[in-house]
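Let's take a walk through this one together. Keep the viewer open and follow along as we go.

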Amino acid sequence: MKSNLTTKFIDPTTDFGFKRIFGSEPNKDLLISFLNGLFNGRKEIVDLVYNKNEYVGDAGDIGSVIFDLTCTSISGEQFIIEVQRSSQVNLKKRMLYYGSKIIADQAPKGNRREWNYAISEVYVIVLMDGFVFQDTNSRDQVLHDICLCYRETGEIFYEDLGFIYIQLLNFVKAEEELTTDLERWLHVLCHMSNMDKLPSYQRQPIFKKLFKIAEYSHMTKEERDMYNVSLKRKWDAEAVRQYQEQELEKAIKKGIEQGIEQGIEQGIEQGIAKSKREEQARIEAMVIEMKKADLSIQQIAQITGLTQQEIQKLK
């Protein structure tokens with residue numbers, strides 16, 4: 001686990017860092033630049049309004065940063081974007097829920113007979129930090145740009161509900177290889193906290209502003225304390241995730257070894273099942289120790305991925 005909190009620039013993939021850089025009206029030009037890079041010419045945003053600034057979704061998510069934005073394009077059209085930093089638990093279903101809820105919330109509260117379902121376009125953008133999709137043939141991609149289409153032909157059926165998933169772990173370009181603003185943004189998100197000086201592309205005004213905002217020494221003591229807590233939570237979550245991945249790898253290896261004598265398929269299943277039981281027991285013990293250390297239920301949920309109800313049952 002990392003031990004040094006005091007780097008020159010903050011980590012933009014922490015909840016605090018992400019909100020500080022992208023989550024306020026004075027800094028909306030940074031978010032506009034990032035979003036325009038993602039849309040790659042399909043949309044050109046010239047203005048946006050923060051409808052809600054960091055809230056907890058109805059599904060009981062803890063610690064997710066959610067920006068609900070009304071965006072105006074250069075042509076004058078308006079559409080809604082929701083930006084999230086999110087964990088991997090039930091990710092696809094949760095994002096589908098959020099996107100559908102934004103659509104449903106556009107319905108008038110009274111008489112809907114004359115409404116005619118005039119709904120705005122909705123896009124859900126998810127920053128995936130520390131994990132990637134495992135259940136897709138294109139899991140090595142950086143961006144997953146998704147809309148509704150015909151299963152047989154791939155022809156677009158409805159484009160006005162879209163999902164963009166950004167897998168930061170898969171972005172491996174070095175600074176000298178960056179050619180677009182989107183690549184520069186992704187490079188910043190991946191490496192800013194490890195930089196000790198401004199990169200060469202900081203000559204652009206938007207990136208000069210970004211690095212000025214992100215400098216650790218420019219924050220107040222209260223802001224530093226909040227950032228340090230957010231950073232430690234991220235590290236704790238990464239530690240749990242890495243542990244789970246290591247245990248799964250061990251289970252698969254053990255299952256294969258058992259499969260030599262008992263049948264490979266049966267051995268893998270037994271090894272994984274045993275590992276899951278052991279993993280559950282370790283997580284439960286961890287929860288009990290965190291309760292003794294007076295961590296809040298919300299903090300424990302963020303670190304372990306358990307629900308508040310599951311945590312409350314453990315004594």
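What follows starts with the overall picture and then moves to a few spots in turn.

First, a caveat: what you're looking at is a predicted model. The protein has nine helices and six strands. Of its 315 residues, 43% are buried. If you take the contacts with a sequence separation of 6 or more, 56% of them join residues 24 or more positions apart.

The buried ones are Leu182, Glu183, Arg184, Trp185, Leu186, His187, Val188 and Leu189. And what sits over them? The cover for these buried residues of H4 includes helices H1 (15-22), H2 and H5, along with strands S4 (121-128), S5 (143-149) and S6 (156-167).

Two of those covering helices are worth a look as a pair. Two packed helices are described by the angle between their axes and the distance between the axes. For H2 (residues 28-39) and H5 (residues 205-213), the axes come within 10 Å and cross at roughly 125 degrees. H2 and H5 are therefore oblique to each other, and H2 passes H5 in a left-handed crossing. On the H2 side, the contact is made by Asp29, Leu30 and Ser33, while H5 brings Ile206, Lys209, Leu210 and Ile213. Sort the residues of this contact by type and you get four nonpolar, one polar and two charged.

Next, zoom in on Ile81, which lies in strand S3 (residues 78-85). Is this residue buried or exposed? Ile81 has a relative accessible area of 0%, so it counts as buried. Leaving out residues up to four places away in sequence, Ile81 touches Leu35, Phe39, Ile45, Phe67, Asp68, Leu69, Cys71, Tyr123 and Ile125. Take Ile125 from that list: Ile81 and Ile125 are 44 residues apart in sequence, yet their C-alpha atoms are 7.2 Å apart in space.

Last stop, the cysteines. How many disulfides are there? With sulfur atoms required to be within 2.5 Å of each other, the count comes to zero. Take Cys147, which is in no disulfide: the nearest cysteine sulfur belongs to Cys149 and is 6.0 Å away. Cys147 has 27% relative accessibility, so it counts as partly exposed. Cys190 is partly exposed too, because its relative accessibility is 23%.

How values were computed: Residues numbered from 1 in each chain as written. Predicted model: local features only at pLDDT ≥ 70, side-chain atom pairs only at ≥ 80, totals over all residues. Heavy atoms only, no water. Axes fitted to C-alpha atoms, helices over the stretch in contact; angles between N-to-C directions. Helix = DSSP H or I, 4+ residues; strand = E, 2+ residues; numbered from the N terminus. Parallel < 35°, antiparallel > 145°, perpendicular 65-115°, else oblique. Left-handed = near helix turned anticlockwise from the far one by under 90°. Contact = heavy atoms within 4.5 Å. Nonpolar A, V, L, I, M, F, W, Y, C, P; charged D, E, K, R; others polar. Buried < 20%, exposed > 50% of the residue type's maximum accessible area, 1.4 Å probe, protein only.
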